[in-house]
Amino acid sequence: MVVRNPAGNALPNVTVTITNFATNQAQTAATDDSGTFHFSLLPPGLYVVTFAAAGFRTAQMTALMVDVSDVPNLEVDLDPGDTQEPMVCTCRLSLTATSCS
């Protein structure tokens, strides 16, 4: 799972929040220097994923389905701009991944 800027460079220190749509329980992680992040022990269900970083528009993926047999692999591009100006997330999702780094 990787977060990048439009030039394709990794973005460190992006706050990534994943919230279970049914229970409203949330977990938060931060991207590392290579722009990667991961969550563990997510119960199966539908999730909302939010990406926030200073100097970039906040992005949100509104329908990520997590189940026990697949590990989703997200690649996210954040656009520069006002953090209060939300954007629809243009995540690339691969359900063929078997692990996240």
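Reader: Buried means under 20% relative accessible area, exposed over 50%, and partly exposed in between, with a 1.4 Å probe and protein chains only. Which class does Ala 63 count as?

Author: Ala 63 has 49% relative accessibility, so it counts as partly exposed. Please note that this is a predicted model, in which local features need pLDDT of at least 70 and side-chain atom pairs count only at pLDDT 80 or more, while totals for chains, interfaces and linings use all residues. Residues are numbered from 1 along each chain as its sequence is written, and side-chain values use heavy atoms, with hydrogens and water left out.

Reader: Where is the place of Ala 63?

Author: Ala 63 belongs to strand 5, residues 59-66. Strands (E, at least two residues) and helices (H or I, at least four) are DSSP runs numbered from the N terminus.

Reader: And which residues is Ala 63 in contact with, leaving aside its neighbours within four places in sequence?

Author: With those neighbours set aside, Ala 63 is in contact (heavy atoms within 4.5 Å) with Leu 46 and Tyr 47. Val 49 is 14 residues from Ala 63 in sequence, and their C-alpha atoms are 8.0 Å apart.

Reader: How many bridges pair strand 4 and strand 5?

Author: There are 6 bridges, and the two strands pair in the antiparallel sense; strands pair if DSSP finds at least two bridges between them. Tyr 47 has Leu 64 in strand 5 as its bridge partner. The two strands form a hairpin with 6 residues between them, and Gly 55 in the turn has a positive phi of about 85 degrees.

Reader: Which way do strand 2 and strand 4 run?

Author: They run antiparallel, and 6 bridges join strand 2 (residues 15-20) to strand 4. Ile 18 stands opposite Val 49 of strand 4.

Reader: A change of topic: how many aromatic pairs are there?

Author: Rings of Phe, Tyr and Trp (its six-membered ring) pair if their centres lie within 6.5 Å; planes under 30 degrees apart count as stacked, over 60 as edge-to-face and the rest as tilted. By this rule there are 2 aromatic pairs. Phe 37 and Phe 39 are edge-to-face, because their ring centres are 6.1 Å apart and their planes stand at 70 degrees.

Reader: What about Phe 37 and Phe 51?

Author: That aromatic pair is also edge-to-face, with 6.0 Å centre to centre and 70 degrees between the planes. Phe 37 lies in the loop between strand 3 (26-30) and strand 4 (45-52), and Phe 51 in strand 4, so the pair ties together parts 14 residues apart in sequence.

Reader: Are Phe 37 and Phe 51 buried or exposed?

Author: Phe 37 and Phe 51 are both buried, and Phe 39 is buried as well. Ring pairs link Phe 37, Phe 39 and Phe 51 into a cluster.
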